[in-house]
Amino acid sequence: MNRIIAFGVIGHPIEHSLSPVMHNSVFKHLGLGYEYLKFDVHPKDLGKFIENCKENNFIGLNVTIPHKISVIRFLDKISEEARLINAVNTIKFEDKTAIGFNTDGLGCVRALLEWIEGIKGKRILVLGAGGASRAISFQLAIEGADLLISNRTYDRALTLGNEIREKVGKRVEIVKFSHDEMKNFINDIDVLINATSVGMFPKVDEIPIPEDLLKFLNEDVVVMDIVYNPIETKLLREAKALGFKTVDGVGMLVYQGAESLRIWLDIEAPIDLMRRVVVRELGG
Ligand code: ATR
């Protein structure tokens, strides 16, 4: 059967993306005759690429580094979340128009909701203030979390916190990225999320907070990492050893993909299958 090429992911570089195997496994499983490809798109060709997708009746794209922000100017509309976060990771083509969405934050929240009941009122410390943290922090604030952000570069956390306060109208606590300061906050948080790249292959021996602080977390805490290579980061390994619940980065990856599928095709994605495929690709 000839498959219809109507989906893909764009980035530069793009060779390591796990999205094609993940989405193609879903299409196959559901008997949908689509194919999802990866496209290495140079920044100078981005506008032309989006135009071509519109002309050629594409249905959906995922967008990754370095295009998540720059693609916005080539779109006809963007969702409320994407506007707040100021980044797009999902595009839907409809009647020759391109609409941008951001499913990263929602993906993180849905992965987390497998382990906690509701986000509202939960005290959540997010480590990092880069692109990933932005998507996650905005979504958590929208959903009513009691949010704290800590980042190596303090001013970046401050800027993100101020922006969330202005746009979402929620107060965010900014915690200095130091042992002594974090120690004051760590014992009463419900969820700790690593939204930095610390611990990612090849620097697998790094951990995003001083290791000895982990023992001050309360026993019901959930520790989540957005890093998925390796699947079990040093942070998750240490947290597990202390008896805490842990959520690995595959969860967010799978759920952001599931949310994209919902936007494109209005389907409930087979989460377990997607997870198995990604874990197998990662050699887990
Ligand atoms: P992404 O889009 O994946 O979030 P990014 O925008 O480059 O990527 O952000 C990376 C995040 O990881 C930042 O919060 C960064 O902290 P700085 O703002 O201080 O750069 C954080 N990060 C990266 N390496 C780190 C390290 N060795 N220790 C602590 N934080 C680190």
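The second largest pocket has a lining of 16 residues, and those nearest its centre are Trp-115, Thr-246, Val-247, Asp-248 and Arg-275. A pocket here is an open set of points on a 1 Å grid over the protein atoms alone, where a 1.4 Å probe fits and protein lies on both sides within 12 Å along at least five of seven lines; lining residues have an atom within 4 Å of a point. The model is a predicted one, in which local features need pLDDT of at least 70 and side-chain atom pairs count only at pLDDT 80 or more, while totals for chains, interfaces and linings use all residues. Residues are numbered from 1 along each chain as its sequence is written, and side-chain values use heavy atoms, with hydrogens and water left out.

The space in this second largest pocket comes to about 220 Å³, a volume being the space filled by probe spheres set on grid points joined across faces, edges and corners. At least two lining residues come from each of α8 (234-241), β12 (245-247), α9 (249-265) and α10 (271-281); helices (H or I, at least four residues) and strands (E, at least two) are DSSP runs, numbered from the N terminus. Sorted by class, the lining holds 8 nonpolar, 2 polar and 6 charged residues. Nonpolar means Ala, Val, Leu, Ile, Met, Phe, Trp, Tyr, Cys and Pro, charged means Asp, Glu, Lys and Arg, and the others, Gly among them, are polar. Because domain 1 (4-102 + 251-281) and domain 2 (106-248) both contribute to the lining, the second largest pocket lies between them; the domain bounds come from an automatic or database assignment.

Turning to the ligand, 13 residues surround it, the closest being Ala-129, Asn-151, Arg-152, Thr-153 and Arg-156; a residue counts as near if one of its heavy atoms lies within 4 Å. This shell is made up of 4 nonpolar, 7 polar and 2 charged residues. Of the 640 Å² of accessible area that the ligand has on its own, the protein covers 68%, by the Shrake-Rupley method with a 1.4 Å probe.

Some backbone details complete the picture. Most peptide bonds are trans, and most residues other than glycine have a negative phi. The bond from Ile-65 to Pro-66, however, is cis, with omega near 10°, and Pro-66 sits in the loop between β3 (60-63) and β4 (77-78). Phe-201 and Pro-202 are also joined by a cis peptide bond. Asn-57 has a positive phi, near 55°.
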